[in-house]
Every structure is written in C-alpha cells, then in structure tokens.
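Let's walk through a protein together, one piece at a time. Keep the picture beside you as you read.

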Amino acid sequence: MKVLEVKNLSVGYKSLVGKFRVLHNVTFNVESGEIIGIVGESGSGKSTLGHSIIRLLPPNAYFEGGEILFQGKDITKIPEKEMVNIRGNGIFMIFQNPLNSLNPVKSVEYQLLEAVRVKASRDGKNFDEKEAKEIILNAVKDVRLPDPEEIIKKYPHQLSGGQVQRVVIAMALILRPKILIADEPTSALDVTIQAQVVKLFKQLREEEGISILFISHDISLVYAIADRIMVMYAGRIMEDGNIEEVIKNPMHPYTQGLVSSIPTISKKEGELRVIEGSPPSFLVLPTGCKFHPRCNKVMDICKNKEPELKEINNRRVRCWLYE
Ligand SMILES: Nc1ncnc2c1ncn2[C@@H]1O[C@H](COP(=O)(O)OP(=O)(O)OP(=O)(O)O)[C@@H](O)[C@H]1O
C-alpha cells in the first residue's frame, strides 16, 4: 500500500545572489513498510526533499510546484494546524542537526513524556505516570544511552551531540509514526551505536510497518538498511531501484561511480575510485544532463538535452545510454 506519493515536486531557495531551484520534478512513491535509502553527494538536495515532505523548509525556500500525498491527502495544501498533527503522529523527521527537534528549555523526560502523550491520544490509550515513565526509560535504553534515570533529567544543552541524536531517535521509537525521515541519523554516533540504531530502525519496520526514508551520503550504510535506493544529483533522481540490484548492477554512470567508491575488503585504500570533479552550483547548472561534465561515458546528446527519468526493468534511470 502506498503511504506517500511525491509528484513533480520542485522547490528552490531565494538567496542574496539570486533565486535557484534545487528539487526538479521529483517523483516517487513510498510503500508502507519500505526503507528507502536516499543517497548523493553533499548539496544534491536530500535534506531539502526531507524538509519539503515534513513541510519545515527554511523561510527563504519557495515551493514551485508539485504534490505530496500522505495517505492520499495533498499535504502541501493543508493548513499548518492540520500539518502540526501529522508531524510526529504521521511523519516524523530526525534532522541532521538533532537539536532542532528538541525544545531547549524542557528536560529530556518532559519531551519524551510528551511523545508518549501524543502516541497515547492517537491510539486511544491511557498510561498512568508509572507506565509512561517505563515506556520512556525503555526507549532510552534501546538507543543505548547510559544512566537512563539520570539522562532523562537533563536538558538538551547538557548532552553531547551523539546523545541528543539518540534522544531524538528514542522519541521516534515512542511515537512510531507512519513515515520516519532520518537525515544522516547516525553521523554523530560511533560505529557500534550506529549498528544498534540500524537494527532498531529495521525492528520498527518489522513490528509496525513503518516506512523509512534514510538519507545518507554513506552508500555502505544505506546498503545495510534499505530495500530500495534512490540516487540524487543536482536535485534530480538519477536512479531508483531495488538496493541489491542497483549495487550489483548500477546503470547510471553516477551510481557506478558511487558504488565503485565503496570500500570493500578486496579493495585496498589506494584502489578506491572516486568520481572526478565536484557537483555543480545550482546557480549555474550545466546544460543537458547535469552530470555530463563529470561523466566518463558522456556523449554529444548529453551536453544538449536532459534525459527523462525512464522506467527500465523494474528500475528508473535518467541517462541517454538507455534511450
Ligand atoms: N536555507 C537555504 N538557503 C539557501 N540555499 C540553501 C538552503 N538550504 C540548502 N540550500 C542549498 O540547497 C542545495 C541543496 O542542499 P541540501 O541540504 O538539500 O543538500 P543535501 O544533499 O542534503 O546536502 P548535505 O548532505 O550536505 O546535507 C545546496 O546547494 C545548498 O547550499
């Protein structure tokens, strides 16, 4: 069952040097219980996509067009009051800067209890104080925070970046939204805790059928968690398909570059291939395919005309090689 449909979404920013469009006709569906890894180099528009879906874009952003259907309803058109209810209950986002998700003047305990209250009212349940406390302590233990009783008494500024990140993940575990958008959720965590968080996310999907949009520039981490991978470049989807199939046989030259830069045991460090050059500025995007200046398979047509995102063998690819 489709839980989210993003159709022709175009979003940009106004800046001192001009107005520029970042997301370019982004179209994709999310099935319930599906984990989609969204990858791409820094600046490809991954966070902008997440912020657009939860409708928390910075004030200088502008919406150019498109639809975002959550459970069939276009949430780009609903009043903010209704959106507040969807945020948390329906769609929850773990931001790259997790402090953005917490209230600086409320204790961790207060904020996690608030999540329990939201969940209880959604499910028509009632928890007494003792039950509610048990729920939050369990969530805090699940994310491997030390001294749960002590940590919940603290305020966000008294915690390290990695601890704040885990409090926000604990909040997601309590809320159990329909869709969890996780923007680099483990970047501030060490490797063992990172593995635990990946396990918790998979467990959430198994137990509750939650769909997860897992945003990361780390393709090996995405491989460990996702069912499907969506590769973004210059605000466009370049390739989208089943993770095993895409990693085994990447079709787009950009995906091929990303995959060949994954460190594996068989590759020594010196043998890692990186994609030459860097992503373009949105203010001066190249003509034709936005990846052509860095592409090792570039053809004449690539310089002049942008390819469409085409469906080929259960996958979508934006590349003239497959026309
Ligand atoms: N508030 C803003 N004002 C102006 N430009 C912005 C703003 N936020 C993002 N951008 C620009 O939009 C583009 C896409 O940024 P975005 O953060 O969505 O990419 P990303 O793929 O998530 O990158 P990262 O992995 O570094 O977070 C970048 O060029 C960025 O500089």
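**A guided tour**

Strand E1 (residues 2-15) and strand E4 (residues 61-70) are antiparallel partners, joined over eight bridges. Strands here are DSSP runs of E with at least two residues, helices are runs of H or I with at least four, and both are numbered from the N terminus; two strands pair if DSSP finds at least two bridges between them. Within this pair, valine 11 stands opposite phenylalanine 63 in E4. Before going on, note that this is a predicted model, in which local features need pLDDT of at least 70 and side-chain atom pairs count only at pLDDT 80 or more, while totals for chains, interfaces and linings use all residues. Residues are numbered from 1 along each chain as its sequence is written.

Now widen the view. E1 and E4 belong to an open sheet of four strands, in the order E2-E1-E4-E5, with antiparallel pairing. Strand E2 (18-31) and strand E5 (73-74) are at the edges with a single partner strand each, so one side of each has no neighbour in the sheet.

Next, look for strand E9 (residues 228-233), which pairs with E10 in the antiparallel sense over six bridges. The two form a hairpin with two residues between them, and alanine 234 in the turn has a positive phi of about 50°. Where does E10 sit, covered or uncovered? Strand E10 (residues 236-242) is mostly covered, with six of its seven residues buried. A residue counts as buried if 20 or more other C-beta atoms lie within 10 Å of its own, as exposed if 12 or fewer do, and as partly exposed in between, with C-beta atoms placed from the backbone. E10 is also joined by two bridges to strand E12 (residues 315-317), and these run antiparallel. Glutamate 239 stands opposite valine 317 in E12, and valine 231 stands opposite glutamate 239 in E10.

Finally, step back to the whole protein. It is divided into domain 1 (2-90 + 177-269) and domain 2 (104-174), with bounds that come from an automatic or database domain assignment. The C-alpha centres of domain 1 and domain 2 lie 25 Å apart. Where they meet, 11 residues of domain 1 are in contact with 11 residues of domain 2, contact being C-beta atoms, placed from the backbone, within 7 Å. Helix H2 (80-89) and helix H7 (191-208) each supply at least two residues of the side of domain 1 that touches domain 2, and the largest share of that side, five residues, comes from H7.

How values were computed. Contact = placed C-beta atoms within 7 Å.
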